[in-house]
Amino acid sequence: MKKIIKEPRSIKHHELTNDQEDLIQTIRSTTRKHNRNNVTRTQAYFDFYQKHPEIHWALLAHLVSRNAGWNMTDLKGEYLPFLLSRKEQDDFFAFLERGNWLIFQDAYPQLLLYEESKKRGTPLFHLLSFLEISKFMEPFWSQFWEKSTKEALTIALIINEQQYIEERVVQHKHYKDTVLDTILFKLQDIFEFNHILLPYMTPFQKKTKLVGGAVHHFSSVNERINLGKGLYDLLFSVQSRLKHTVDWAKDYPHTGSRHDFWPHLFNHIKETAPDEKHELTSNPCSLHPISPKIYSPQLTRVWKDFDHEKAVPDDWFKNKKMLHFVKKPVKMLKGDIQGTYCKAIEELESAASTKAFFHKRN
């Protein structure tokens, strides 16, 4: 890893063969095709995992991307429109969408290059740099090819993608000014808005259960990487639950609506009047059906496809100090997110009720 920082590319761009050039263009085209919106990219991750289950990161990315979609539709759902202005909703969506888009356009070409390597029976990872992938990733892919180091590759991808969005989104002045540094975003931490839910259903149950974790300081790349490692451990540490998670993902394709995992509580059709504020009739964790249900729309019904600016090419991996992210041990997650998530729903409902009450009085 330390050596590769100083090493130049093994081949120059003008030395690429026509076949290599065609492959790079095909990978870019396929990535653009699936990177239309959160629904298409989330499904692409899962389709890839089903074909190549040895790439653990693809399943983790699928589930985390589902959560990004749920957060996007929350902005047009039952409660947050009472708390956010239209501009704040748009700004928050742009922030979530940009990060989701960037990660896919960096990670998915790596997955496709691996798929092509399998097809040809020879590693093609020397082409990663021509897809503007950080030099950080090449040794991990090469090691995985030779020794099937699944955990090392997954952790490397977690680190790479969080570092990739660090300057482009999290520390970007526009998103800091409009989202990250506002009082509103800090309130999301109070509401536990930044939890990641991993749904699963056992064959003997009719209700989906949730495990997961939360990041309390989204602006910290350390926190995001630690959460990613913890979620990976949580997802793959119990094989029976892993199977139930994959089965659930097969049975419930991603739409962006929270109805996908808790239809007893959410509906993608609004059941309350347009200006009426929904009130909970029972504890969300009771798993008893409520009426009316909380509005959680499907993503493509409330958000149009976003026209993104091209990502600025730049390699975050500039010095060997970055390697401490690899060495840092995994912080185990308890996984008991369900109660925390239910409390967040109740807090959001309470905050929306308060805002609606004062709005009526004024």
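**Figure legends: overview and close-up views of a predicted model**

**Figure 1. Overview of the surface and fold of the protein.** The protein exposes about 17,600 Å², of which carbon and sulfur atoms supply 53% (Shrake-Rupley method, 1.4 Å probe; for residues, only the protein chains shown count as cover). This is a predicted model, in which local features need pLDDT of at least 70 and side-chain atom pairs count only at pLDDT 80 or more, while totals for chains, interfaces and linings use all residues. Residues are numbered from 1 along each chain as its sequence is written, and side-chain values use heavy atoms, with hydrogens and water left out. The fold has 15 helices and four strands (DSSP runs numbered from the N terminus; helices are H or I of at least four residues, strands E of at least two). The radius of gyration is 21 Å, which agrees with the value near 21 Å for a compact globule of 362 residues (taken over C-alpha atoms; the globule rule is 2.2 Å times the number of residues to the power 0.38). Along the principal axes, the C-alpha atoms fill a box of roughly 70 × 45 × 35 Å. Of the 362 residues, 54% are buried (under 20% relative accessible area; exposed is over 50%, partly exposed in between; 1.4 Å probe, protein chains only).

**Figure 2. Close-up of strand 1 and its pairing with strand 2.** Strand 1 spans residues 195-200; six of its six residues are buried, so the strand is largely enclosed by the rest of the structure. H195, L197 and P199 point one way, and I196, L198 and Y200 point the other way. Strand 1 runs antiparallel to strand 2 (residues 209-214), and six bridges join the two (strands pair if DSSP finds at least two bridges between them). I196 has G213 of strand 2 as its bridge partner.

Figure 3. H52 counts as buried because its relative accessibility is 7%. Leaving aside neighbours within four places in sequence, H52 is in contact (heavy atoms within 4.5 Å) with Y114, E115 and K118.

Figure 4. Helix 15 covers residues 338-361 and includes E349. With a relative accessible area of 13%, E349 is buried. Residues up to four places away in sequence are not counted here; E349 touches Y79, K277, H278, E279 and L280. E349 and L80 are 269 residues apart along the chain, and their C-alpha atoms are separated by 9.0 Å.
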